[in-house]
Amino acid sequence: MSDTDIALSLQSEVQAAIAEKIPLRIQGGGSKAFYGRTSQGKCLAVAPHCGIIDYEPSELVITARAGTPLKTINAQLAAQGQHLAFEPPHFGSTATLGGTIACGFSGSSRPYLGAARDFVLGVKCITGKGEMLHFGGQVMKNVAGYDVSRLMVGALGSLGVLLEISCRVLPMPVQQVSLRLPVDNEAQALQQLTHWNTQCLPLTASCFDGEAVWLRLAGVEISQARQKVLAELVSQEIASAFWENLREQQLGFFTSTQTPLWRLSVPPTAPSLNLGKSIIEWGGGLRWVYSDLPAEQIRAAVEKIGGHATLFRGGDRTAEVFHPLPPVLRKLHERLRQQFDPDNILNPSHFSTHW
Amino acid sequence: MRTLFEQLHDFLPADAVLLSEEAVRPYECDGLFVYRERPAAVVIPETLEQVQQVLKFCYTHKIPVVARGAGTGLSGGALPHKAGVLLSLAKFKRILNIDPVARTARVETGVRNASISQAVAAHGLYYAPDPSSQIACTIGGNVAENAGGVHCLKYGLTVHNILEIKVLTIEGELITIGSQAFDSAGYDLLALFTGSEGLLGVVMEVTVRLLPKPAAVQVVLAAFDSVINAGSAVAEIIAVGIIPAGLEMMDNAAIRAAEAFVKVGYPVDAAAILLCELDGSPEEVEIQIQQVRAIVEKHQASEVRLADNERQRLQFWAGRKAAFPAVGRISPDYYCMDGTIPRKHLPMVLQRIHELSEQYGLAVANVFHAGDGNLHPLILFDASKGQLHQAEELGGKILELCVAVGGTVTGEHGVGVEKLNQMCVQFNSQELLQFHAVKAAFDPANLLNPEKAIPTLHRCAEFGAMHVHHGELAFPELDRF
Ligand SMILES: Cc1cc2nc3c(=O)[nH]c(=O)nc-3n(C[C@H](O)[C@H](O)[C@H](O)COP(=O)(O)OP(=O)(O)OC[C@H]3O[C@@H](n4cnc5c(N)ncnc54)[C@H](O)[C@@H]3O)c2cc1C
């Protein structure tokens, strides 16, 4: 795909929408259309706004237009032995950088290397006032003004249309191995995950797939660390297929059922929730569950242990899909949204029934 | 008739309210002494409920509130408001919970940065962000400034190392932002609050993430005859895929000042030294030390030293860590700047700083978090000779230079009152208005730390600065260096 800058025409589309009070549905590659609440509106297509603007490996920073395909970015980085260390899932070949950051998705390495928001250094965006603004920049240390760039991560476009994003990148690991330890049940798996979390291992991913605990170790020299875990060494080929299928939700667990998929983000050491068959990642901190149980019941169980539940795929997407906020926080969210998009033009009701 | 401020006694103990000029004087400035102001009142509450009452009182009576941790800030962020209340959080010193399994610690806002690492050391853990002021500064102040340190290239800033904060809004409402999980519902307010300089709410409690202490740590000290060679060594270390735990540079002026102070045998004739620290497993450190050694040699290091033992490693660092006080010894006053630049512009920026230094007739010593591009030029001056104004002007020029090459006016010390003018250079008026709009969502009456961090458009107009965006149009002549 050729590089094109359509920032100005996107800005005039937003300005026209504001003038005519027509809500916009911001669309990147459409790979994550399943996510968030159903949002009505005229399509604002960001995918044509694409291309890598700046990438110098020794600066550890890449800046690209929001419509740049994630796979283009990954390929460019890989050619220099670098990567987006938060391992964002694509959920389809059309995934764009903008959509990835707007959803704030992070992959298996999240507890060990950081989340999408940890790597975002700066953005250029169009707010719901039709203004084209820059926040942050291309340097890692930057405390000038509020951190609006990170605020945009996971805001689902409700605070601004992302145009450009600068991300910190990291070198790919020199060595990497994956290990597999069969376990009897989820409780045992959680015990194992907690145990290995506290063992000073160079972990970069962990998972319980229903049958076994998987650990991925990576670093410059990991043979000693690898000796600490008495477990089956998985071949590189099988291991990379496994982590990819986990990230892209292509494991059998994810493809075999039609019931709603819940994403439960909980303190990693929390016990088993017994809400249904689950896959566990992030050392216990992320639990995927297919469940037909009423949303209130799932949310109550998760809230009790200090977590939050997201209706990730399927189910009623006109109801709240994200965990409802306590009243004061909700009020602050509404006011913040108001300050970025006073006319409710950008992805209205995509995030919440309230804003 | 009691004054408004005397009414603070209604809900605070007698010794928690300071009203006399004499009593409030110790609070008149933070670490940036050149700005001073006496607040109408200082309050030193001990309980969350008391802070809540203070905030409700101030909200009702439209009184400005400035929160203060240890007052080590270097940008005047905790400078009191003449007509306001200075809210000291010094009494909130309890470590509430340490969870060695989840590797988290929950602490009150006034806990000192270094106390956290001390408290968890027995578990083999530590809190990574390590500002040089860590024995004094508070975790609440760290959150408010998004403090960094020598190790943030590898381990990140405050924003990367906290999970949850409890905050009081200006209306006195308690909210929890973030969670004990890896993320939370709604917008990323944790990121928004980190570095917000006390303008959005008062942080009362922080849950930090702890890391296991690395099994091995080693440091290389390399001396160079030219700053350009040192800079290209830095670029290559990063380019080959090494992320050092710390990568610091000092120029000749800083080396000399430091050596005169700590006497650890720094090469005083070198144009620059690099300190490169590597940590991890012993095997991995060994491999990377050899790699770094080869790289600095390739870039014509005039001398390479490896610490033989822990004592020597700490000696290597002693000069760097004491750089500020060391400069304080050789000059009556000094002014510390805090810009960040893309690493590749380092040689050019140092050259330009040198020229500015000559132009203003004030010496500048440079210490530099080379790994992440964060510069700390220390401007030497003598206030008794009336040089403060020149020093400030020179500092301002250096910051504008940082913006011109695509960097920022502050990497870790914050804007405070000090860099308000330079904010007009870095951001255009729509961006500044958007910042004010963010503030309005949390504090519509503009009572929390007013007139800090974000300049008004009026001020920018007076300053008359030309807004320069990410180096797009500015200083084209700089390319020639
Ligand atoms: C010698 C020296 C070395 C330093 N080195 C570094 C360094 O390496 N890296 C670095 O990042 N900084 C450094 N600093 C700067 C300073 O120590 C940090 O900014 C620190 O985070 C300030 O913490 P404090 O508790 O002193 O905050 P204060 O100075 O009291 O306050 C700083 C700001 O935070 C606000 N604030 C304080 N507490 C709260 C709260 N609970 N809720 C809301 N707002 C609050 C204040 O209103 C003010 O705006 C250094 C300072 C000195 C003097």
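This is a predicted model: local features need pLDDT of at least 70, side-chain atom pairs count only at pLDDT 80 or more; totals for chains, interfaces and linings use all residues.
**A strand in chain A**

- Strands here are DSSP runs of E with at least two residues, and helices are runs of H or I with at least four, both numbered from the N terminus.
- β14(A) pairs with strand β16 of chain A (residues 286–290) in the antiparallel sense, over 5 bridges; two strands pair if DSSP finds at least two bridges between them.
- Within this pairing, A:Arg263 stands opposite A:Trp288 of β16(A).
- β14(A) is also joined by 5 bridges to strand β17 of chain A (residues 308–313), and these two run antiparallel.

**The domains of chain A**

- Chain A is divided into domain 1 (7–171) and domain 2 (175–313), with bounds that come from an automatic or database domain assignment.
- The centres of these two domains of chain A, taken over C-alpha atoms, are 27 Å apart.
- Where they meet, 12 residues of domain 1 of chain A and 13 residues of domain 2 of chain A take part in the contact (C-beta atoms, placed from the backbone, lie within 7 Å).

**Chain B as a whole**

- Chain B contains 16 helices and 18 strands.
- Why does a radius of gyration of 23 Å fit chain B? A compact globule of 481 residues would have a radius near 23 Å, so the value for chain B agrees; the radius is taken over C-alpha atoms, and the globule rule is 2.2 Å times the number of residues to the power 0.38.
- Buried residues make up 57% of the 481 residues in chain B.
- Chain B is assigned domain 1 (5–88), domain 2 (95–212), domain 3 (216–325) and domain 4 (331–480).
- Between domain 2 and domain 4 of chain B, 14 residues of domain 2 are in contact with 17 residues of domain 4.

**Where the chains meet**

- The contact takes 70 residues from chain B and 63 from chain A.
- On the side of chain B that touches chain A, the largest share comes from α15(B), with 9 residues.
- That side of chain B has 30 nonpolar, 29 polar and 11 charged residues (Ala, Val, Leu, Ile, Met, Phe, Trp, Tyr, Cys and Pro count as nonpolar, Asp, Glu, Lys and Arg as charged, and the others, Gly among them, as polar).

**Around the ligand**

- The ligand is surrounded by 36 residues, and the closest are B:Gly69, B:Gly73, B:Gly77, B:Gly140 and B:Gly141; a residue counts as near if its C-beta atom, placed from the backbone, lies within 6 Å.
- α4(B) gives the most to this shell, with 5 residues.
- By class, the shell around the ligand has 13 nonpolar, 18 polar and 5 charged residues.

Technical notes
Residues are numbered from 1 along each chain as its sequence is written. Chains are lettered from A and ligands numbered from 1 in the order in which they are written. A residue is buried if 20 or more other C-beta atoms lie within 10 Å of its own, exposed if 12 or fewer, and partly exposed in between; C-beta atoms are placed from the backbone. Two residues are in contact if their C-beta atoms, placed from the backbone, lie within 7 Å.
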